[in-house]
Amino acid sequence: MILILAIALTASQPVTCALTALGDDIRDQGPTGFTVECPADHADAAAIQSAAEAAIARVDLPLPHQRVTNRGNRTYYETADTLLMERGQGGAWRPSLGQVLVRGVPAFPPRAVENGARHMLCALALRPAANGVDPAPDVQCISNHNSTFVIRLLTGAMRETAGRYRFAPVDVRYCLDEQVSAHATVIVMPGRRLEQPAPPPDPSVLPNLCDGG
């Protein structure tokens, strides 16, 4: 993340464009695309608008069809409503680095809950390609219950979700370090003993996976 900020500080003052996500079922299936509208009163309005539209057109959308089982492994989505554009060192306008346009909200695997997991905390290293996708994100997860089986379930769920993120495309290779957390709520049937809340894992235990290259 330090690398991203250092690069951004050398660029021009960003311009904020408005994004509108398109699609009939954005929360469940993600957007089919975006429209973008940049400020018309900027001195370089035409160039900014053209660069923003070109960038959005490169994003790999719509998302692949989501396979959902009866065990509730559905990913939900959040979408950005702004796109920051900046002038690069060559003078052309481009999106600022590290902008997530579509963010997947991971589903907590039911089998992990059945095996005692109540917390899911994952470190991600995301290296988007020119189409705004990282097809092979690095993921490392921990939980309040760190059995090999539970960690494998959580890591698999988070890796699948992270592969469905979509970034604003830029012609620069970079790595974005993120942490994602989720928790499971267990509903206790009447007459049964209430479950004591499990303590969440320590986020400082997770590494910065971008440091690995």
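Some ground rules. Residues are numbered from 1 along each chain as its sequence is written, and side-chain values use heavy atoms, with hydrogens and water left out. Because the model is predicted, local features need pLDDT of at least 70 and side-chain atom pairs count only at pLDDT 80 or more, while totals for chains, interfaces and linings use all residues.

Start with the whole chain. The protein chain has five helices and ten strands. Both are DSSP runs, numbered from the N terminus: helices are H or I with at least four residues, strands are E with at least two. Of the 213 residues, 42% are buried. Buried means under 20% relative accessible area, exposed means over 50%, and partly exposed lies in between, with a 1.4 Å probe and protein chains only.

Now contacts, meaning heavy atoms within 4.5 Å. Take those with a separation of 6 or more: 72% of them join residues 24 or more positions apart.

Next, the sheet. Which order do its strands take? The order is β3-β6-β9, in an open sheet of three strands with antiparallel pairing. Strands β3 (76-79) and β9 (166-167) are the edges, each pairing on one side only. Two strands pair if DSSP finds at least two bridges between them. Strands β3 and β6 are joined by four bridges and run antiparallel. There, tyrosine 77 stands opposite glycine 104 in β6. On to the other pair: β6 (residues 100-105) meets β9 over two bridges, again antiparallel. Valine 100 has phenylalanine 167 in β9 as its bridge partner. In general, strands of a sheet pair through backbone hydrogen bonds.

Now helix α3, residues 45-58. Why does its length agree with expectation? Its 14 residues, at 1.5 Å a residue, should span 20 Å, and the end C-alpha atoms are 20 Å apart. The expected span is 1.5 Å times one less than the number of residues.

Which residues of α3 are buried? They are Ala45, Ile48, Gln49, Ala51, Ala52, Ala55 and Ile56. Seen down the helix axis, they fall within an arc of 165 degrees, so they line one face of α3. That arc uses the directions from the axis to the C-beta atoms. On the other side, Ala46 and Ala57 are exposed.

What do the buried residues of α3 pack against? Their partners are β1 (15-22), β2 (33-37), β4 (82-87), β5 (93-95) and β6.
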